[in-house]
Amino acid sequence: KLVRAALGTNNVDTCARVCHSATGYGLKHTLGESAGTQAFTSVTKADVIMVIGANPTDGHPVFASQLKRRLRQGAKLIVIDPRVIDLVRTPHIEAAAHLQLRPGTNVAVINALAHVVVTEGLANDAYAEERCEVDTYRKWKAFVSQEKNSPEVTEAISGVPAALVRKAARLYAAGPNSAIYYGLGVTEHSQGTTMVMGIANLAMATGNLGREGVGVSPLRGQNNVQGSCDMGSFPHEFSGYRHVSDGPTRSLFEAAWHAKLASEPGLRIPNMFEAALDGS
């Protein structure tokens, strides 16, 4: 608000645009909104917890303490990460499955998990067909069912044993409450958006959205990055992800803030440096 209303410019940016832009695009196009689906306290109701490309004990210690408490109570853990993070084996906790994939093979692994869910009849068709676009859902099922997406074929790509992929997929699908938490190992990646969509598709296909203990939750790169996006710290969006170029939206904010607001998106961080150097 200070930058837009007082300084009269949209030149404001946040690291969320970079570190989780894949989440923004991927979840927006699958679930309809770019934020995580759950409050963090939801983990206390999860029966199976999948952690992908994240190290919560180091990066998100407050959430990790809730996560570890739930694991000590008997929830099962699946870790998908090239690294052996602390959660794989730590006092009173051991992962039921650690898929130690080769870096760069995220999408192959998520499609292999989906292959098992679909071909072994573990998908919740009634849930998905009631809530998802039915044609798209059926096309997705046909795609992931192809032999090229089977754990046995993708093992050569990812390095993850087929039996381990099948074990993890069955565990996740069985739930009954299964949650996915993912980090920058998913999003800061050339395949980031595709992987986020793959994660969301897996959650929808198994009915793991819309109640406590389930969901798709990005573990953001810095403290309250999600709040930063929500509050409108992007150069192109006001609070609530509303675009600055939209006339009615701008009028709303102008009335509330008693200021004339710019209609063109502002500069991103790298452009700000260039503009500062060339004096514009």
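The model is predicted: local features need pLDDT of at least 70, side-chain atom pairs count only at pLDDT 80 or more, and totals for chains, interfaces and linings use all residues. Residues are numbered from 1 along each chain as its sequence is written, and side-chain values use heavy atoms, with hydrogens and water left out.

I start with the sheet. It is open, has 5 strands in the order β5-β2-β1-β6-β7, and the pairing is parallel. Helices here are DSSP runs of H or I with at least four residues, strands are runs of E with at least two, and both are numbered from the N terminus. Two strands pair if DSSP finds at least two bridges between them. β5 (97-99) and β7 (215-218) are the edge strands with a single partner each, so one side of each has no neighbour in the sheet. Strand β6, residues 178-182, is joined to β7 by 4 bridges, and A179 sits opposite G215 in β7.

Now the helices. Helix α10, residues 162-174, lies across β1, β2, β5 and β6, at about 125 degrees to β5. Helix α12, residues 192-205, lies across β1, β6 and β7, at about 170 degrees to β6. Axes are lines fitted to C-alpha atoms, for helices over the stretch in contact, and angles run from 0 to 180 degrees between N-to-C directions. Contact means heavy atoms within 4.5 Å.

Last, α3. Which residues of helix α3 are buried? They are A22, T23, G26 and L27, where buried means under 20% relative accessible area (1.4 Å probe, protein chains only). The buried residues of α3 pack against β6, α11 (184-187), α12 and β7.

Key. Buried < 20%, exposed > 50% of the residue type's maximum accessible area, 1.4 Å probe, protein only.
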